[in-house]
Amino acid sequence: MRKEFATIMESELSLNPASTLLLGDIGVFGHRESFKKFPNRVFNIGILEQSMVSLAAGMAMGGLKPTIHTIAPFLIERAFEQIKIDFGYQSLGGNIVTVGASLDYAALGATHHCPGDVGMMLNIPGAEIFVPGTAAEFSDQFSQSSRNEKISYFRLSEKSNKKSNITSFQNGTVVKKGKKLTVIAIGPMLDIVLAATENLDVTILYYNCVSPFDSELLRKNMESGNLLIVEPFYENTMAPLIQKHLSDRRVMTCSKGIPRKFVTKYGKTDEHYEEFGLTSHGIRNEIQRMMSA
Amino acid sequence: MTTLNKLRSNILKAASMSGEGHVPSALSILDILYVIYDEFVPNGAFHSTDNLDNRFILSKGHASLALYAVLNHHGKISDEELFSFAMYESNLGGHPDRNKIAGVESSTGSLGHGLPQGIGLAMALRIKESLGHIYVLIGDGEANEGTIWESALLAPHHKLGNLTCIVDNNLSSERALSMGKFSEKFAAFGWKTIEIDGHDHIAIRDALKMRESGRPIAIIANTVKGYGVLSMESNPEWHHRSPNPDELQFLLGDMR
């Protein structure tokens with residue numbers, strides 16, 4: 001996804017003279033062509049994320065369309081107030097593109113983990129939140145949303161699905177139709193969900209945009225009354241939002257995601273997913289438990 | 001009554017009617033804002049897309065009463081609106097909102113946001129080849145925030161000769177954190193600096209006119225909290241307190 005970001009960003013800078021790129025000393029080599037071609041609109045701002053966000057908002061006040069990029073925790077968590085007020089409250093448009101989703105940087109320890117980002121961004125009214133499952137999905141989302149007057153968050157991950165689901169922008173997709181349970185797979189969790197549900201009589205809904213949330217699709221595909229949300233960030237991040245849309249029904253909702261604790265082991269992301277049951281086997285067990293409940 | 005005393009009395013009345021407002025902070029910057037809007041942002045940039053416009057950001061948003069009083073003086077805000085300050089349906093909040101008031105460039109209030117926004121705006125004007133100039137006013141207490149010093153690094157690095165930062169040095173910070181000599185600090189970061197009496201209109205005007213190619217300007221404006229209302233001057237009791245009707249009558253007769 002990072003390579004795709006460099007490509008689509010270079011294209012956007014070329015097509016839109018109001019587009020600017022601000023890096024927090026991350027991705028400088030990857031965006032080297034943009035630095036060469038657009039030296040007056042591409043900046044390595046430095047390791048000062050809070051000021052970088054406010055500076056970007058100032059550019060938006062001046063009629064530009066800034067894209068800000070660095071590692072997720074240092075942008076979303078450290079500079080959250082600047083995102084909330086300078087873009088959200090002021091109704092200014094800009095783009096935030098992060099790397100290091102959830103436990104992507106497992107070996108670097110908890111300072112570099114960020115499973116709380118989407119939960120935080122959901123607290124900014126009007127923010128768009130994209131969780132692409134593939135590089136092509138990100139490219140499509142960025143192309144369609146990066147010039148609007150909203151703050152748009154694009155959460156890039158090291159994890160990726162094999163196939164892209166590019167249907168209609170911001171809408172969810174029915175991947176499979178069944179009767180006994182509905183599974184929501186978010187972004188890069190789709191392949192694990194597909195493997196987990198082989199030969200099971202379940203509906204699978206795929207979402208790579210969680211805000212705005214396509215509630216209509218969910219309401220049309222909730223015949224069973226059982227819902228499992230498989231989310232690549234903290235477990236139960238999406239549940240309050242989803243339950244609001246299903247408040248007129250009796251629904252059993254469960255979540256599989258990153259547990260809400262500091263992860264103190266290192267190693268590979270998949271080792272943590274194994275421990276947390278975020279595997280096809282672990283999710284299948286959860287589905288069968290729900291179906292037998 | 002002088003024009004400035006008229007503005008001061010409006011600030012006191014608006015604060016008294018609403019029971020809200022940071023009056024001494026507003027009074028410490030009133031002279032500076034008066035000169036800025038009189039000459040440097042004469043029509044108000046007001047979210048203008050006109051590339052030639054200068055723009056002003058009040059970063060210490062809690063002093064909003066001074067901004068509202070000056071905008072009222074220039075006819076941008078009606079008397080009725082000014083005296084609705086901080087009331088339920090009012091457009092004029094305790095901190096300014098750019099989406100409600102023509103003449104407010106930034107919705108400040110959380111300290112440390114205005115200066116980096118001003119840097120972004122200055123960079124935007126340069127990208128658009130504008131001749132406009134950006135003025136940002138911060139407080140000395142606000143300068144406790146790390147983003148001020150991040151910005152102090154950024155502006156000279158990007159050679160922003162179209163940016164002026166005014167420090168309202170009313171010594172608010174001294175009770176918490178001594179800031180030392182602002183002029184030395186900004187100069188060390190690469191800014192051109194000047195120190196003035198922040199209530200001397202000629203000195204304010206001359207400082208706001210200063211330009212240096214490729215280098216931002218920091219004006220250290222030494223001011224007095226509550227300036228112009230004698231019993232409020234440097235009196236911490238009034239930091240976030242509005243006068244009751246009896247106090248208002250006394251204060252209206254207690255001006256320089």
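Me: Hi! I'm new to this one. How much of chain A is buried?
Reply: Welcome! Buried residues account for 50% of the 293 residues in chain A. Keep in mind that this is a predicted model.

Me: Thanks. What helices and strands does chain A have?
Reply: Chain A has twelve helices and twelve strands.

Me: And the overall size of chain A, what box do its C-alpha atoms fill?
Reply: Along the principal axes, the C-alpha atoms of chain A fill a box of roughly 60 × 40 × 30 Å. The radius of gyration of chain A is 19 Å, which agrees with the value near 19 Å for a compact globule of 293 residues.

Me: What about contacts in chain A, how many join residues at least 24 apart?
Reply: Taking contacts between residues at least 6 apart in sequence, 73% join residues at least 24 apart.

Me: How is chain A divided into domains?
Reply: Domain 1 of chain A covers 2-155, and domain 2 covers 178-292. Their centres, taken over C-alpha atoms, are separated by 27 Å.

Me: How many residues are in contact between those two domains?
Reply: On one side there are 24 residues of domain 1 of chain A, and they are in contact with 22 residues of domain 2 of chain A.

Me: Which elements of domain 1 give two or more residues to that side?
Reply: In chain A, those are helix 6 (117-121), strand 5 (128-130) and helix 7 (135-145). By class, the side of domain 1 that touches domain 2 in chain A has 13 nonpolar, seven polar and four charged residues.

Me: Which residues of helix 1 are buried?
Reply: In helix 1 of chain A, the buried ones are A:Phe5, A:Ile8, A:Met9, A:Glu10, A:Glu12 and A:Leu13.

Me: And what do they pack against?
Reply: Several elements of chain A: strand 1 (19-23), helix 2 (32-37), strand 2 (42-44), strand 3 (65-71), strand 4 (94-99) and helix 7.

Me: Is A:Asn199 buried or exposed, and why?
Reply: A:Asn199 counts as exposed because it has 6 C-beta neighbours inside 10 Å.

Me: What about A:Asn236?
Reply: A:Asn236 also has a positive phi of about 65° without being a glycine. A:Asn236 is in the loop between strand 11 (226-234) and helix 10 (239-245) of chain A. With 17 C-beta neighbours inside 10 Å, A:Asn236 counts as partly exposed.

Me: And where does A:Asn285 lie?
Reply: A:Asn285 is in helix 12 (residues 280-292) of chain A. A:Asn285 is partly exposed, with 14 other C-beta atoms within 10 Å. The C-alpha atoms of A:Asn285 and A:Ala196 are separated by 8.5 Å, and these residues are 89 residues apart along the chain.

Me: Now chain B. How many of its residues are in contact with chain A?
Reply: There are 22 residues of chain B in contact with 22 residues of chain A. Helix 5 (114-127) and helix 6 (146-157) of chain B each supply at least two residues of the chain B side.

Me: Which of those gives the most?
Reply: Helix 5 of chain B does, with ten residues. The side of chain B that touches chain A has eight nonpolar, ten polar and four charged residues.

Me: Last one: what about strand 5 of chain B?
Reply: Strand 5 (residues 217-222) of chain B is largely enclosed by the rest of the structure, because five of its six residues are buried. Strand 5 of chain B pairs in the parallel sense with strand 3 (residues 163-169) of chain B over six bridges. Strand 4 (residues 192-197) of chain B also runs parallel to strand 5 of chain B, joined by six bridges.

Me: Which residues partner B:Ala221?
Reply: B:Asp168 is a bridge partner of B:Ala221 in strand 5 of chain B, and B:Ile196 stands opposite B:Ala221 too.

Definitions and conventions. Residues are numbered from 1 along each chain as its sequence is written. Chains are lettered from A and ligands numbered from 1 in the order in which they are written. This is a predicted model: local features need pLDDT of at least 70, side-chain atom pairs count only at pLDDT 80 or more; totals for chains, interfaces and linings use all residues. Helices (H or I, at least four residues) and strands (E, at least two) are DSSP runs, numbered from the N terminus. The radius of gyration is taken over C-alpha atoms; the globule rule is 2.2 Å times the number of residues to the power 0.38. A residue is buried if 20 or more other C-beta atoms lie within 10 Å of its own, exposed if 12 or fewer, and partly exposed in between; C-beta atoms are placed from the backbone. Two residues are in contact if their C-beta atoms, placed from the backbone, lie within 7 Å. Domain bounds come from an automatic or database domain assignment. Ala, Val, Leu, Ile, Met, Phe, Trp, Tyr, Cys and Pro count as nonpolar, Asp, Glu, Lys and Arg as charged, and the others, Gly among them, as polar. Two strands pair if DSSP finds at least two bridges between them.
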